[in-house]
Amino acid sequence: MSSDHIKKSSKTDLYEHHDYYGIDELLSEDHLLARQAVREWIKQEVSPIIEEYAQRSECPTHLFKGLAEIGAFGPSLPTEYGGGGMDEIAYGIIMQELERCDSGIRSMASVQGSLVMYPIYKYGNEEQRRKYLPKLGSGEFIGCFGLTEPDHGSNPSGMVTNIKDDGDSYILNGAKMWITNSPVADVAVVWAKDENGKIKGLIVEKGMKGFTAPEIHGKWSLRASVTGELVFEDVRVPKANLLPNVEGLKGPLGCLSKARYGIAWGAIGAALDCYDSSLRYSKERHQFGKALGQFQLTQKKLAEMITEITKAQLLAWRLGTLANKGQATPGQISMAKRNNVQMALEIAREARQIHGGMGITGEYSIMRHMMNLESVITYEGTHDIHLLITGMDVTGYNAFS
Ligand code: TGC
Ligand code: FAD
């Protein structure tokens, strides 16, 4: 294999469209246009640089503005509040195209749109919506979402971050852990307990005294996405920053339903990229005088990949049609997130095998996808937590505690 071939693979986005079951026929003109716009932007602006950013473990924060321009922040939120005014399937398709490039790029959009803009839109008052949403929608502000704590991950209801009433303000104390975008965020939607133990949402702004957001270093996964903590030491947060229209864990879980839905679509993108690269490699690479794709064992891998991708696409599409009618349940969303992320991770592992030694290098996107998916299978609820959510839904028994 020539070094020219290696270089071409790394810098040029060679992705070709795969639609084995003609699922595009189920999509509208608007969906296809949205996909095309994102795909072109990814090919031009992101694919050529993503590997270098991931290798350096640096977040390409300059892409926030571009993500805003292609409508990746809150695609299904109303346009008057900085969203895209599209439907849930368009939102899913956009996430799929972003994650086809890198899960960290999709994370930037998921957090901004579903975990920051959505709660301000859904649970905020009109003043809060007008103040924050246009700036978040245009990428002028970067947001983050603080639910997980050092000692409370899968069980967020145990959180200890708290607010105390102090006249016109609340005094916020506690810490959040594993927060995507926190070190670069201008605003954080933070979930904390009040003096009665009720979970409330607050908009905390960068620069508030006692608020810091140190970066978490040393990740082998999502290296092109920045992750950090949120630390609150007697932070005075004006009462005007409390999200007035929700109380209890259903607040953050409602946002998570939106974001998990996006991941169910997004993960298919990572799987498609691994499949696409494997298919091409299986035709280009020869051993024993034959192309790899001529061996039955390689065909088995490729045939199983496209089968699983197709099943995941149908699951996501059906979930999207339910979501458009407001009928997608948390149990259904958990099923799709869990299935599709596991599917993508297994495909990344098989793709790595097909690429042989080349599969471990940054010349191909495979290993980056595989490592990213190790986070995707954990965040927004772990693989096993989603199994238990679906299990509770079908049996009626709560197996969490
Ligand atoms: P439970 O008693 O079941 O529920 C509490 C209340 O919430 C309601 N509810 C929901 N509401 C809206 N949407 C959902 N999906 C909901 N699921 C439940 C529920 O009806 C109840 O309402 P009410 O009115 O009766 O109070 O709560 P539980 O404490 O037993 O916990 C349930 C459990 C384990 C499923 C939940 O806590 C959970 O999902 N744990 C996983 C934690 C998680 O997903 N964390 C994600 C953090 S954010 C993140 O990872 C971002 S990554 C971003 C990126 O980079 O992309
Ligand atoms: P734990 O809850 O400690 O779980 C450890 C293991 O125990 C898991 O396998 C889990 O499935 C299992 N387990 C736990 N409870 C049970 C049970 N009842 N039955 C069976 N098994 C169980 N959080 C945010 O709030 N905002 C963010 O922006 C954010 N971004 C993230 C970015 C990255 C890169 C990562 C890695 C995480 C991020 N998270 C974020 C946190 C993420 O949501 C949590 O890591 C996740 O919810 C799991 O929590 P934990 O890591 O504390 O694991």
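## The shell around ligand 1

Three helices, α5 (103-123), α7 (250-284) and α11 (383-395), each provide at least two residues of the shell around ligand 1. Helices and strands here are DSSP runs (H or I of at least four residues for helices, E of at least two for strands), numbered from the N terminus. The largest contribution to this shell is from α7, with six residues.

The model is predicted: local features need pLDDT of at least 70, side-chain atom pairs count only at pLDDT 80 or more, and totals for chains, interfaces and linings use all residues. Residues are numbered from 1 along each chain as its sequence is written, chains are lettered from A and ligands numbered from 1 in the order in which they are written, and side-chain values use heavy atoms, with hydrogens and water left out.

Ligand 1 has 27 residues around it. A residue counts as near if one of its heavy atoms lies within 4 Å. Ser-107, Thr-180, Ser-257, Arg-260 and Glu-380 come nearest. By class, the shell has 13 nonpolar, ten polar and four charged residues. Nonpolar means Ala, Val, Leu, Ile, Met, Phe, Trp, Tyr, Cys and Pro; charged means Asp, Glu, Lys and Arg; the others, Gly among them, are polar.

Polar contacts are pairs of N or O atoms within 3.5 Å. The side chain of Ser-107 places a polar atom 2.6 Å from an oxygen atom of ligand 1. Ser-257 has a polar side-chain atom 2.8 Å from a nitrogen atom of ligand 1. An N or O atom in the side chain of Tyr-379 is 3.4 Å from an oxygen atom of ligand 1. On its own, ligand 1 has 1,200 Å² of accessible area, and the protein covers 72% of that. Accessible areas come from the Shrake-Rupley method with a 1.4 Å probe.

## The largest pocket

On a 1 Å grid over the protein atoms alone, a pocket is an open set of points with protein on both sides within 12 Å along at least five of seven lines, while a cavity is a set where a 1.4 Å probe fits but cannot get out; lining residues have an atom within 4 Å of a point.

The largest pocket holds about 1,100 Å³ of space. That volume is the space filled by probe spheres set on the points, which are joined across faces, edges and corners. Its lining has 41 residues, with Thr-148, Thr-378, Tyr-379, Glu-380 and Gly-381 nearest the centre. The largest share of the lining, five residues, is from α5. The lining divides into 18 nonpolar, 18 polar and five charged residues.

A polar side-chain atom of Thr-180 is 2.9 Å from a nitrogen atom of ligand 2. Taken alone, ligand 2 exposes 990 Å², and the protein buries 67% of that.

Definitions and conventions:
A polar contact is a pair of N or O atoms within 3.5 Å; within protein, one must be able to donate a hydrogen and the other to accept it, and residues adjacent in sequence count only if both atoms are side-chain atoms.
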